[in-house]
Amino acid sequence: MTEHFFAPCPRGLESVLAAELEQLDAASIQPSPGGVAFQGDWQTCYRANLESRIASRVLWQITRHPYRSEADIYDLTHALPWQDWFEPGLSIKVNLAAIKCPLRSLDFVTLRIKDAVCDKFRATRGKRPDIDTTSPDMRIHGFLDAQKFTLYLDTSGEALFKRGLRQTQGEAPLRENLAAGILALAGWHPGTPLLDPMCGSGTLLLEAAQIACRIAPGSGRQFAFEKLKLFDAGNWKKLKQTTTSRQLERTFQSIYGSDLYGSALAHARHNLTAAGLAECVTLKQANVLEISPPAETGILVSNPPYGMRIGDQQELAVFYPQLGNVLKQRFSGWRAFLLTADPMLPKTIRLTPSRRIPLFNGALECRLLEYRLVAGSMRKTKSPDAPEQTAATHEP
């Protein structure tokens with residue numbers, strides 16, 4: 001049976017998530033700002049949870065109807081067969097988002113959704129589920145626009161970027177699915193030399209090593225769909241065995257990381273070792289302003305320090321032009337991708353980006369800047385007034 005799903009993702013990654021879902025045999029794929037709607041059977045849902053590197057969650061759409069009042073929201077929610085989907089012994093949490101919703105209080109609407117679910121369980125099973133706002137067994141997501149109410153059951157549980165791999169982290173860590181999305185936007189493929197010269201706790205390196213070894217990002221965790229009555233344990237076991245059988249030997253993958261600080265490098269080494277991926281990556285302590293490329297061509301991807309991380313704008317005003325010189329003079333033939341939330345970087349690095357892609361690291365608005373590095377100055381290769389690619393928000 002074909003079901004409707006929605007996979008939210010960090011804004012700016014919708015196109016690469018859509019391409020990824022296509023590879024996972026999803027159907028009727030429809031990107032929209034903030035995520036991708038798709039259709040498929042439960043096998044598709046299982047695969048998306050297990051193998052998607054870019055989705056934040058996989059939400060199962062259980063109703064979508066017009067509404068006018070809070071009473072309509074209650075009735076639509078109460079009419080659903082909750083008792084057929086999970087047991088009342090499981091705890092729940094209701095999340096609600098809205099765009100142009102005419103109702104006065106989203107908190108009250110959230111309460112009515114919760115009441116409807118609990119009342120339905122009490123009527124059909126004589127027991128209602130508990131509410132758990134921190135670690136619920138089942139997450140229910142509602143979305144309201146000006147005319148329609150959509151309700152989802154979260155099949156993922158904890159957000160999918162929580163791989164369970166990163167043991168330690170630095171001050172401003174990238175979310176894992178944003179790191180994977182950046183690698184996809186950069187067009188990186190295993191075998192192409194990859195360098196992160198400011199690697200911090202190593203999130204980009206971890207994602208690249210997993211990709212190179214064909215390790216499913218969800219292979220080390222559990223999911224909310226395993227608690228549903230609809231769960232097919234046999235099918236799930238076969239799927240996990242199939243993905244495990246595709247894994248490659250964990251050998252060096254032309255992935256390189258360095259950092260100025262030994263403490264950051266220790267975090268990266270610890271994370272890679274804990275994930276069993278230390279053999280795949282070469283790490284060394286080095287100043288980005290003094291390094292040399294590890295190969296003639298390749299892709300450099302990094303999240304440089306910015307004001308919110310080190311707090312010294314004067315230091316950065318000196319650092320950014322020096323970084324631009326290093327890239328221009330030493331990395332000819334490479335492509336560099338820098339993620340930054342600092343508007344000062346693109347102005348002071350003295351290189352002209354070929355692409356500026358708006359992305360969000362959590363709530364923090366950033367830009368992914370692509371530089372195609374050639375000998376000599378790049379400032380005449382592209383107009384500085386070139387339009388940006390844009391990203392916006394969406395449900396849920």
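**Notes on the fold and its contacts**

1. Helices (H or I, at least four residues) and strands (E, at least two) are DSSP runs, numbered from the N terminus. Please keep in mind that this is a predicted model, where local features need pLDDT of at least 70 and side-chain atom pairs count only at pLDDT 80 or more, while totals for chains, interfaces and linings use all residues. Residues are numbered from 1 along each chain as its sequence is written, and side-chain values use heavy atoms, with hydrogens and water left out.

2. Strand 5 and strand 6 run in the parallel sense and pair over 7 bridges; two strands pair if DSSP finds at least two bridges between them. In general, strands of a sheet pair through backbone hydrogen bonds, either parallel or antiparallel.

3. Contact means heavy atoms within 4.5 Å.

4. Which residues of helix 3 are buried? In this helix (residues 70–78), they are Ile73, Tyr74, Leu76 and Thr77. Buried means under 20% relative accessible area, exposed over 50%, and partly exposed in between (1.4 Å probe, protein chains only). The cover over these buried residues includes strand 4 (59–66), helix 4 (82–85), helix 5 (106–125), strand 6 (138–144) and strand 7 (148–154).

5. Have a look at Lys114, which lies in helix 5. This lysine counts as buried because its relative accessibility is 18%. Leaving aside residues up to four places away in sequence, Lys114 touches Val94 and Ile131.

6. Cys366 is in no disulfide, and the nearest cysteine sulfur, that of Cys9, is 15 Å away. Cys366 counts as buried, at 3% relative accessibility, and Cys118 is buried at 2%.

7. How many salt bridges are there? The count comes to 16, taking a salt bridge as a side-chain nitrogen of Lys or Arg within 4 Å of a carboxyl oxygen of Asp or Glu. Arg125 and Glu87 form one of them (2.9 Å, N to O). This pair links distant parts of the chain, 38 residues apart: Arg125 is in helix 5 and Glu87 in the loop between helix 4 and strand 5. Arg125 is partly exposed at 40%, and so is Glu87 at 35%.

8. Another salt bridge joins Arg122 to Asp119 (3.1 Å, N to O). Both residues lie in helix 5, 3 residues apart, about one turn of the helix.

9. Lys162 and Glu158 also meet through their side chains in a salt bridge (3.1 Å, N to O). Finally, salt bridges that share partners join Asp25, Arg47, Glu51 and Arg246 into one network.

How values were computed
Disulfide = S-S within 2.5 Å.
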